[in-house]
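Please read the points below alongside the model. They are set out by topic and can be checked one at a time.

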Amino acid sequence: MSISVKHKSTVDNVQATAVRFANDMLYVALSDGRQVGVSLKTKWLRWLAQATPQQRKRWRIDSWGDVIYWDELDDGIEVCHLLDRRPLAE
């Protein structure tokens, strides 16, 4: 996972603003100017790696900005997990 830091901020007030994919990477733009990149080869993103490009494009950000969700895939990612330096349980 890579994090591009432009501004220091806490997890509590950071929201997802956009999502994009490039090669085998998921990138999430954050409200404080940072961008978080996560490899789709990460075990906890296997469900997203197996999705079609069309399915990956159909994401939404919840009204609080703290969850990115793919309705069609019935799964999502919380911003706090993207910002946590500890790996998620596999």
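Is arginine 60 buried, partly exposed or exposed? The relative accessible area of arginine 60 is 38%, so this residue is partly exposed. The model is a predicted one, and the points that follow should be read with that in mind.

1. The side chain of arginine 60 meets that of aspartate 71 in a salt bridge, at 3.0 Å from N to O. Since arginine 60 belongs to strand β5 and aspartate 71 to the loop between β6 and β7, the pair ties together parts that are 11 residues apart in sequence. Aspartate 71 is partly exposed because its relative accessibility is 48%. A salt bridge also joins arginine 58 and glutamate 72, with 2.8 Å between the closest N and O atoms. This pair links distant parts of the chain, with arginine 58 in the loop between α2 (53-57) and β5, glutamate 72 in the loop between β6 and β7, and 14 residues separating them. Arginine 58 is partly exposed at a relative accessible area of 46%, and glutamate 72 is partly exposed with a value of 46%.

2. A buried charged pair. The structure holds four salt bridges. One of them is formed by aspartate 32 and arginine 34, whose closest N and O atoms are 2.8 Å apart. Both aspartate 32 and arginine 34 are buried.

3. The three-stranded sheet. Strands β5, β6 and β7 make an open sheet in the order β5-β6-β7, with antiparallel pairing. The edges are taken by β5 and β7; each has a single partner strand, so one side of each lacks a neighbour in the sheet. Two bridges connect β5 (residues 60-61) with β6 (residues 67-70), while four bridges connect β6 with β7 (residues 75-78). Isoleucine 68 in β6 stands opposite isoleucine 61 and also opposite isoleucine 77 in β7.

4. Hairpins and positive phi values. The hairpin of β5 and β6 has five residues between the strands, and glycine 65 in this hairpin has a positive phi near 80 degrees. In the hairpin of β6 and β7, four residues lie between the strands. Here aspartate 74 takes a positive phi of about 55 degrees, although this residue is not a glycine. Aspartate 74 is placed in the loop between β6 and β7 and, at 58% relative accessibility, counts as exposed. Asparagine 23 is another non-glycine residue with a positive phi, near 55 degrees. Its place is in the loop between β2 and β3. Asparagine 23 counts as exposed, its relative accessibility being 75%.

5. The largest nonpolar core. Which members of this core touch the most other members? They are Leu26, Leu45, Leu48 and Ile77, in a core of 18 residues. At least two residues of the core come from each of β2 (16-22), β3 (25-30), β4 (35-39), α1 (46-49), β6 and α3 (79-83). With neighbours within four places in sequence left aside, leucine 48 is in contact with Phe21, Leu26, Leu40, Arg56, Trp70, Leu73 and Ile77. In soluble globular proteins, nonpolar side chains tend to be buried together.

6. Aromatic pairs. The structure contains two aromatic pairs. In the pair of tryptophan 47 and tryptophan 70, the ring centres are 5.4 Å apart and the planes lie at 70 degrees, so the arrangement is edge-to-face. The two residues come from distant parts of the chain: tryptophan 47 is in helix α1 and tryptophan 70 in strand β6, 23 residues apart. Both tryptophan 47 and tryptophan 70 are buried. Ring pairs join Phe21, Trp47 and Trp70 into a cluster.

7. Arginines over rings. The charged end of arginine 56 sits over the ring of phenylalanine 21, at 5.7 Å from the ring centre. The charged end of arginine 20 sits over the ring of tyrosine 27, at 4.2 Å from the ring centre.

Technical notes: Residues are numbered from 1 along each chain as its sequence is written. Side-chain values use heavy atoms; hydrogens and water are left out. Two strands pair if DSSP finds at least two bridges between them. A nonpolar core is a set of buried Ala, Val, Leu, Ile, Met, Phe, Trp, Tyr and Cys residues joined through side-chain atoms within 4.5 Å. Buried means under 20% relative accessible area, exposed over 50%, partly exposed in between (1.4 Å probe, protein chains only). Contact means heavy atoms within 4.5 Å. Rings of Phe, Tyr and Trp (its six-membered ring) pair if their centres lie within 6.5 Å; planes under 30 degrees apart count as stacked, over 60 as edge-to-face and the rest as tilted. A charge sits over a ring if NZ of Lys or CZ of Arg is within 6 Å of the ring centre and within 35 degrees of the ring normal.
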